[in-house]
Amino acid sequence: MADQTTIEIRMLGLEDGAALARLAQLDTTDTPPATLLGGIVEGRLVAAHSLATGRSIADPFRQTAEIRSLLAERAGQVRSGRGRGVLSRLRGQLAVRPGPASEALR
């Protein structure tokens, strides 16, 4: 049976600052510019990917090539709009459009 590890991929926020600083220090580089996606394994941030530049950093003491690849793929989905959740898609469909209903609101 193959070893199965759960990888959490999510947007990083201000609360992730300390973990991000630790990761940048391990990778001996600066933190990439925000907005960042993070790859978290067993509650620990092991890789981060910048949506702005495509640059990533990772823990050099872990095998992170696959995680970095997943982060890059997810970043592409987010940038193209394919990765938006159901609520975001619905909000986009419900945006005010020109027409009789929106003219009545003016």
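This is a predicted model: local features need pLDDT of at least 70, side-chain atom pairs count only at pLDDT 80 or more; totals for chains, interfaces and linings use all residues.
As for the overall layout, the protein has four helices and four strands, arranged β-α-β-β-β-α-α-α from the N terminus on. Both kinds of element are DSSP runs numbered from the N terminus (helices: H or I, at least four residues; strands: E, at least two). Of the 106 residues, 28% count as buried, with buried meaning under 20% relative accessible area, exposed over 50% and partly exposed in between (1.4 Å probe, protein chains only). Among contacts (heavy atoms within 4.5 Å) with a separation of 6 or more, 53% come from residues 24 or more positions apart.

Back to the largest pocket, which holds about 340 Å³ of space. A pocket here is an open set of points on a 1 Å grid over the protein atoms alone, where a 1.4 Å probe fits and protein lies on both sides within 12 Å along at least five of seven lines; lining residues have an atom within 4 Å of a point. Grid points are joined across faces, edges and corners, and the volume is the space filled by probe spheres set on the points. Twelve residues line the largest pocket, with Thr5, Ile7, Gln63, Glu66 and Ile67 nearest its centre. Helix H2 (residues 65-80) gives the largest share of the lining, four residues.

Leu20, Leu23 and Ala24 are buried in H1. These three sit on the same side of H1 because they cover an arc of only 100 degrees around the axis, the arc being that of the directions from the helix axis to the C-beta atoms. An α-helix has 3.6 residues a turn, so residues three or four places apart point the same way. Ala18 and Gln25, on the other side of H1, are exposed. The packing partners of the buried H1 residues are strand S2 (36-41), strand S3 (44-50) and strand S4 (56-58). After H1 comes Thr28, with a positive phi near 50 degrees.

Three salt bridges turn up in a search of the whole structure, each a side-chain nitrogen of Lys or Arg within 4 Å of a carboxyl oxygen of Asp or Glu. Arg10 pairs with Glu8 (3.2 Å, N to O) and also with Asp16 (2.9 Å, N to O). Glu8 is partly exposed at 38% relative accessible area, Arg10 is partly exposed at 27%, and Asp16 is buried at 8%. Another salt bridge links Arg62 and Asp59, whose closest N and O atoms are 3.8 Å apart. Arg62 is partly exposed, at 33%, whereas Asp59 is buried, at 5%. Through shared partners, salt bridges join Glu8, Arg10 and Asp16 into one network.

Notes
Residues are numbered from 1 along each chain as its sequence is written. Side-chain values use heavy atoms; hydrogens and water are left out.
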